[in-house]
Amino acid sequence: MNMKVKNTSQNMKDIIKLQPKITVQGKVVPFENNEQTLLDCLESANIEVHYHCRDGFCGACRVTLVTGEINYPLGEPLAFVGENEILPCCCVPVTDISIAIDE
Ligand code: FES
């Protein structure tokens, strides 16, 4: 019997994970897969953002989204946010984003 073995080896590295980039204060920071929120990402890059509740209630962490898209994985936060404002403590970037932090 003549058998042919097909080479179906799959390289795990072929599975590309999305790693959005955050542009802020002249820096470009990658959003790592192990980071839960945009606030975690900014903190690990030593970018200072005000925060209080870290849960979408107080609005203290609000920053301006200049370009790109974010998502709130746990649903829309309760804190008030103005147009183009986002809450880094409870959002994740879904595209490359650019944000502005008020001093
Ligand atoms: S820290 Fe309170 S809403 Fe983000």
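A residue is called buried here if 20 or more other C-beta atoms lie within 10 Å of its own, exposed if 12 or fewer do, and partly exposed in between, with C-beta atoms placed from the backbone. The structure is a predicted model, in which local features need pLDDT of at least 70 and side-chain atom pairs count only at pLDDT 80 or more, while totals for chains, interfaces and linings use all residues. Residues are numbered from 1 along each chain as its sequence is written.

Helices (H or I, at least four residues) and strands (E, at least two) are DSSP runs, numbered from the N terminus. In a regular strand the side chains alternate between the two faces of the sheet. In strand 1, Ile22 and Val24 make up a covered face, whereas Lys21 and Thr23 lie on an uncovered one.

Strand 2 (residues 27–30) runs antiparallel to strand 1 and is joined to it by 4 bridges. The two form a hairpin with 2 residues between them, and Gln25 in the turn has a positive phi of about 50°. Strand 7 runs parallel to strand 1, with 3 bridges joining them. Thr23 illustrates both pairings: its bridge partner in strand 2 is Val28, and in strand 7 Thr23 stands opposite Ser98.

From here the view turns to the interior. In soluble globular proteins, nonpolar side chains tend to be buried together. A nonpolar core is defined as a set of buried Ala, Val, Leu, Ile, Met, Phe, Trp, Tyr and Cys residues joined through C-beta atoms within 7 Å. The largest such core has 17 residues, and Ile22, Leu87 and Ile99 have the most contacts inside it. Two or more residues each come from strand 1 (21–24), helix 1 (38–44), strand 3 (63–67) and strand 7 (97–100). Helix 1 gives the largest share, 4 residues. Contact means that two C-beta atoms, placed from the backbone, lie within 7 Å. Neighbours within four places in sequence aside, Ile22 is in contact with Val29, Phe31, Cys41, Pro93, Ile97 and Ile99.

Two asparagines in loops complete the picture. Asn46, in the loop between helix 1 and strand 3, has a positive phi near 60°. Asn46 counts as exposed because it has 8 C-beta neighbours inside 10 Å. Asn84, in the loop between strand 4 (70–71) and strand 5 (85–86), has a positive phi of about 70°. With 12 C-beta neighbours inside 10 Å, Asn84 also counts as exposed.

Technical notes: Pairing = 2+ DSSP bridges.
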